[in-house]
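Me: I would like to learn how to read side-chain contacts in a model. Please start with the terms.

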Amino acid sequence: MNKGKKRAAHDILLRRQIRKREIYMNEKSISFCQGKGSLTHNNRTFVAKHIDNERIKENIIFKQQPVKDAYDYLFQEAVIRHNRQQKIKSRHITDYYQHLFKHDYSDNVIQSSNKEKSFYEDLMQIGTMKDTACGTADSETAKECLIEYMNGFQERNPNFYVFNAVLHMDEATPHLHFDYIPFAHYNAKLDTRNSISKALEEMGFGKDKNAIARWREREYQVMKQICEEHGIEVKKPEKARGTYAKEVFIELDNAKQEIEKLKAENTKLKTMIDENETILKETSEQVTRITNIDSIEVGRTMFGSKVTVPKEEYENVSKLAKKQIADIKTEKKAVKENKQLKEELAEKDNQINTLKTELEKYKPSEPRYFSREAIKEEARSSSLIQRLKDKINDLMLFIEIMALTSEFYEFMTDRISFIRKHRPEKLHEKPQTHEANR
């Protein structure tokens, strides 16, 4: 092989590698998955440790409407029409949400007896923390794409009423949480109801079990088109649950640590309450009815209403009275402090319960897809396969440059024929050789 051909082949391979890196920088995945439905996380009522507090102000809020207001807007008029037609008062509906879910209004998803949910949440993310980390130029492009997608969502989906939507720019990768209530219309006394299947049917996605899959595919294609218009080449979708899993693991760990911290604080508060209770018990046993140490009133006698007592006894009584008054003040202070401690303890308990609710929502229905080991193993396998494909492509390009294509295919044909001809015999003879050696 002459030096000119070698240099030409090297230059072409080098340009190919540079071009592949440029393409890779523009190639990104789209993660479109169902969210957990936690408005406290979305609206930053609860701030986990992995969230950058400095960048919370960079989050983009499209809409934040309380769940109750959203339900009143969607269903209250239908409830009024229903009640007007009902002659029996016991069949009147006071509040549609509580009527359907038998539960007070909640910022978490509640499920009814007929499997309808109080609201649904989806999460849309472009790229990963490796190629679209917040703060980079690529993350700004991803943000523009997500904004465009969200701005057109309600018009595309008239039966999915969006009441909460936030674009997070304060975590590892830009991503969008949007929460919606599906509603549909019926020829019945309650003519507007919560129903995702009927909502999908009214929007033209059919009424079979694949309706939601058709809807998700349509939304994925919308996002893909927006990305391509912004110069992002979209990778083929993968079977994994989505790149958001790593961030979920981080948030779970932080929530667990926060629970342990709150439990430790609760133990301390309970100890302080117990100490105050002991003080209260001791002072209550010592309290007397003496309220004035300067004059001690007694019953009238024939000598008048006043009596005289020895100075020593008066001083003893005076000291005792002062001590009792001090104990009363201590008791009042302890009562007040105990009240504050109990209120603080109740607040900590509420925080723990909220965090536990958060953890429950993150329990995966398919653990094999959600485990750290499975995600890491899948990433390693995908990376290895991609590297092997790249090497094969480079090899084929080199063979083509060196005008060795026909020789290569001739060699491969002979090699495959040889393997097919001889390999079965070797496999058959191997056990016989093994027996002979024994």
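Reply: Start with exposure: a residue is buried under 20% relative accessible area, exposed over 50%, and partly exposed in between (1.4 Å probe, protein chains only). By that scale D72, at 26% relative accessibility, is partly exposed. This is a predicted model, in which local features need pLDDT of at least 70, side-chain atom pairs count only at pLDDT 80 or more, and totals for chains, interfaces and linings use all residues. Residues are numbered from 1 along each chain as its sequence is written, and side-chain values use heavy atoms, with hydrogens and water left out.

Me: Which residue forms a salt bridge with D72?

Reply: A salt bridge needs a side-chain nitrogen of Lys or Arg within 4 Å of a carboxyl oxygen of Asp or Glu. D72 pairs with K68, the closest N and O atoms being 3.0 Å apart. K68 is partly exposed at 39% relative accessibility. Helices are DSSP runs of H or I, at least four residues, numbered from the N terminus. D72 and K68 are separated by about one helical turn because they sit four residues apart in helix α3 (residues 67-85).

Me: How many salt bridges does this rule count?

Reply: The count is 12. Another of them joins D208 and R214, at 2.2 Å from N to O.

Me: How many aromatic pairs are there?

Reply: Rings of Phe, Tyr and Trp (its six-membered ring) pair if their centres lie within 6.5 Å; planes under 30 degrees apart are stacked, over 60 edge-to-face, the rest tilted. The count is 20. Y97 and Y105 have ring centres 4.3 Å apart and planes at 25°, so they are stacked. Y97 is buried at 0% relative accessibility, whereas Y105 is partly exposed at 24%.

Technical notes. Helices (H or I, at least four residues) and strands (E, at least two) are DSSP runs, numbered from the N terminus.
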